[in-house]
Amino acid sequence: MPFASVEDSERQFGRVRAAAEEAGRGADALVYSNALVVCVGKDDQEVARRAAAIGREVPELKANGLAGSPAEVVDKIGRYREIGSRRLYLQLLDLDDLDHLELIASQVQSQLS
């Protein structure tokens with residue numbers, strides 16, 4: 001599911017599961033995934049700065065992406081996992097912000113391993 005909320009993803013995954021079962025395939029044989037914009041910060045100000053740098057609003061990113069503190073993002077990833085998403089593709093829009101990538105690697109990815 002590209003750039004969709006947990007709720008929208010859950011509805012679409014349900015449709016795919018139903019179609020797979022109707023076609024005689026096991027719905028769990030498929031890999032469900034999401035592509036999400038990522039915007040992580042150590043605090044609210046850093047999140048807001050990163051959102052502004054990519055021309056996005058924090059509330060929209062929190063609704064349809066992975067935005068907030070590392071703990072908030074890990075929690076949101078868990079919500080996607082709960083609905084069946086097994087693979088996430090993270091879209092990092094500000095490729096010059098290497099500190100952002102380091103924060104994701106050190107404080108988000110490390111909590112998921």
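Modeller: E7 is partly exposed in this predicted model, at 40% relative accessibility. Its salt-bridge partner is R79, with 3.3 Å between the closest N and O atoms. Because R79 belongs to helix α4 and E7 to helix α1, the pair ties together parts that lie 72 residues apart in sequence. R79 is likewise partly exposed, its relative accessible area being 33%.

Helix α4 covers residues 70–82, and its 13 residues reach 18 Å from the first C-alpha to the last, close to the 18 Å expected at 1.5 Å a residue. Its buried residues are P70, V73, V74, K76, I77 and Y80. Viewed down the axis of α4, these residues fall within an arc of 160°, and therefore line one face of the helix. In general, an α-helix has 3.6 residues a turn, so residues three or four places apart point the same way.

The buried residues of α4 pack against several elements: the helices α1 (6–22), α3 (58–64) and α5 (98–112), and the strands β1 (32–40), β2 (66–68) and β3 (85–91). On the face turned away from the buried side, α4 carries the exposed residues A71, D75 and E82. After the helix comes G84, whose phi is positive, near 115°.

The pair of R79 and E7 belongs to a count of 7 salt bridges. Another of them joins D97 and R50, at 2.5 Å from N to O. This pair also links distant parts of the chain, since D97 is in the loop between β3 and α5 while R50 is in helix α2 (residues 44–53), 47 residues apart. Here D97 counts as buried at 11% relative accessibility, and R50 is buried at 5%.

Notes
Residues numbered from 1 in each chain as written. Predicted model: local features only at pLDDT ≥ 70, side-chain atom pairs only at ≥ 80, totals over all residues. Heavy atoms only, no water. Helix = DSSP H or I, 4+ residues; strand = E, 2+ residues; numbered from the N terminus. Expected span 1.5 Å × (residues − 1). Buried < 20%, exposed > 50% of the residue type's maximum accessible area, 1.4 Å probe, protein only. Arc of directions from axis to C-beta. Contact = heavy atoms within 4.5 Å. Salt bridge = Lys/Arg side-chain N within 4 Å of Asp/Glu carboxyl O.
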